[in-house]
Amino acid sequence: MYTLNPGGPKSLKTSAKLLSLLIAVPLMIAGCGTKAPAPANSSGGGDASKPQDKKVVKIGISQIVEHPSLNATREGFLAALKDNGFIDKETMQVDYQNAQGDATTNLTIGQKFAADKKDLVFAIATPSAQAVVQNVKDAPVLFGGVSDPVSAKLVKSLDKPGGNVTGAADTHPEAIPKLIDFIASDFPKVKKIGIVANEGEANVAFMVKTAEAAFAKHNIQVVKASVANSSEVKQAAESLVGRVDAIYITLDNTVVSAVESIIKLANDKKIPFFASDRDSVEKGALATYGFKYYDHGYQAGKMAVEILKNGAKPGDMKVSYPDKLDLIINLDAAKQEGVEVTDSMKNKVQDKKNLLSGSAK
């Protein structure tokens, strides 16, 4: 406790100065606390050393049905994103929806993604792509597992898609002709071939038409067995027994979903069975000219990276095609189907890893 006037006038002056000092110092300290200059690298809005929150990219994936080729396409797509810094639940949020072959569900998924305002949508297979393109207008759309994006009305042209859509087509222009040339040259006894197909899908109708034209060049007659859903595939294939010398299928989601029933029939009846995708051959079809769908999806994923990281516009990006096309033969399936794989056949396989064994059912 301070006494203001214990020793007369001189002491009073000294006490007054001391009192002024005692009052001034706390005020100066308080002023320093409220008016300290902001750091040179700060905008005055917070601690500049604190890392900024990363943008989480919202990606929708629509897939028409479960089967190995489409699943591998999705896996390759996500791997390309991961390899370029997009980590699920950290820098990207993936919303994967599968229609399980249902048309109504497929359309609902497209509507959902439009309402959710995704940053990018990847649609796997033609029906999924059509539903997404119909609904998503304000976000980039990529497709995979689509055979003819122009006929499916997804893009205006392959070189200049236009709008907000582009992607990776899964039909190499030479795949169907090469396989049919192989059948004609190495299976001279094949005069009639059966095609099991759901031509209600635009891409399947296109592929069947392409195959018919290629078979006609070799004077091989086509016998078609139509299906509308996967439950009809077994019966359709059985209807071809005794009428054809071999069976062929396109990149048809409906048929590939039930390909095991055709494989079993081919084994039991000793009928050569040719598919259009590697996965079906790995399961037990005899041969195809194909590629890995994982690589196909990875191509689409790299396109997504260009859009998300570098601001590329889908409408300016050419539709891509598989760049690794080779003859693939399942040696075990050949035995099951009563086919002798000749040296001539083996020599047409560029990568000998595509002479498969141990995978026939």
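## Aromatic rings

In this predicted model, Phe182, Phe187 and Phe274 are joined into a cluster by pairs between their rings. A search of the whole structure finds six aromatic pairs. Phe77 and Phe122 form a pair of the stacked kind, with ring centres 4.0 Å apart and an angle of 15° between the planes. Because Phe77 belongs to helix α2 (residues 68-83) while Phe122 belongs to strand β3 (residues 120-124), this pair ties together parts of the chain that are 45 residues apart in sequence. Both Phe77 and Phe122 are buried.

Another pair is made by Phe291 and Tyr293, and here the ring centres are 4.9 Å apart and the planes stand at 35°, so the pair is described as tilted. Phe291 has a relative accessible area of 8% and is therefore buried, and Tyr293, with a relative accessible area of 4%, is buried as well. A ring can also take part in another kind of arrangement, as the charged end of Arg74 sits over the ring of Tyr96, at 4.2 Å from the centre of that ring.

## Two packed helices

The description of two packed helices rests on the angle between their axes and the distance between the axes. For α2 and helix α11 (residues 293-310), the angle is about 40° and the axes are 6 Å apart. The two helices α2 and α11 are therefore oblique to each other, and their crossing is right-handed. On the side of α2, the residues that make the contact include Ala72, Gly76, Phe77 and Ala80, while on the side of α11 they include Tyr293, Gly297, Ala300, Gly301 and Ala304.

## Pro68 in helix α2

Helix α2 also contains Pro68, which counts as partly exposed because its relative accessibility is 30%. In sequence, Pro68 and Tyr293 are 225 residues apart, yet in space the distance between their C-alpha atoms is 8.6 Å. When the neighbours within four places in sequence are left aside, Pro68 is in contact with Asp279 and Lys283.

## Two lysines in loops

Which lysine has a positive phi of about 55° although it is not a glycine? That residue is Lys117, and its place is the loop between α3 (103-116) and β3, the strand that holds Phe122. Lys117 counts as exposed, because its relative accessibility is 54%.

A positive phi is also found at Lys153, where the value is near 65° and the residue is again other than glycine. Lys153 lies in the loop between β4 (141-146) and β5 (165-169), and with a relative accessible area of 71% it is exposed.

## The chain as a whole

The secondary structure of the protein chain comes to 13 helices and twelve strands. Of the 361 residues in the chain, 48% are buried, and Phe77 and Phe122 are among the buried residues.

How values were computed: Residues are numbered from 1 along each chain as its sequence is written. This is a predicted model: local features need pLDDT of at least 70, side-chain atom pairs count only at pLDDT 80 or more; totals for chains, interfaces and linings use all residues. Side-chain values use heavy atoms; hydrogens and water are left out. Rings of Phe, Tyr and Trp (its six-membered ring) pair if their centres lie within 6.5 Å; planes under 30 degrees apart count as stacked, over 60 as edge-to-face and the rest as tilted. Helices (H or I, at least four residues) and strands (E, at least two) are DSSP runs, numbered from the N terminus. Buried means under 20% relative accessible area, exposed over 50%, partly exposed in between (1.4 Å probe, protein chains only). A charge sits over a ring if NZ of Lys or CZ of Arg is within 6 Å of the ring centre and within 35 degrees of the ring normal. Axes are lines fitted to C-alpha atoms, for helices over the stretch in contact, and angles run from 0 to 180 degrees between N-to-C directions. Angles under 35 degrees count as roughly parallel, over 145 as roughly antiparallel, 65 to 115 as roughly perpendicular and the rest as oblique. A crossing is left-handed if the near helix is turned anticlockwise from the far one by less than a right angle, and right-handed if clockwise. Contact means heavy atoms within 4.5 Å.
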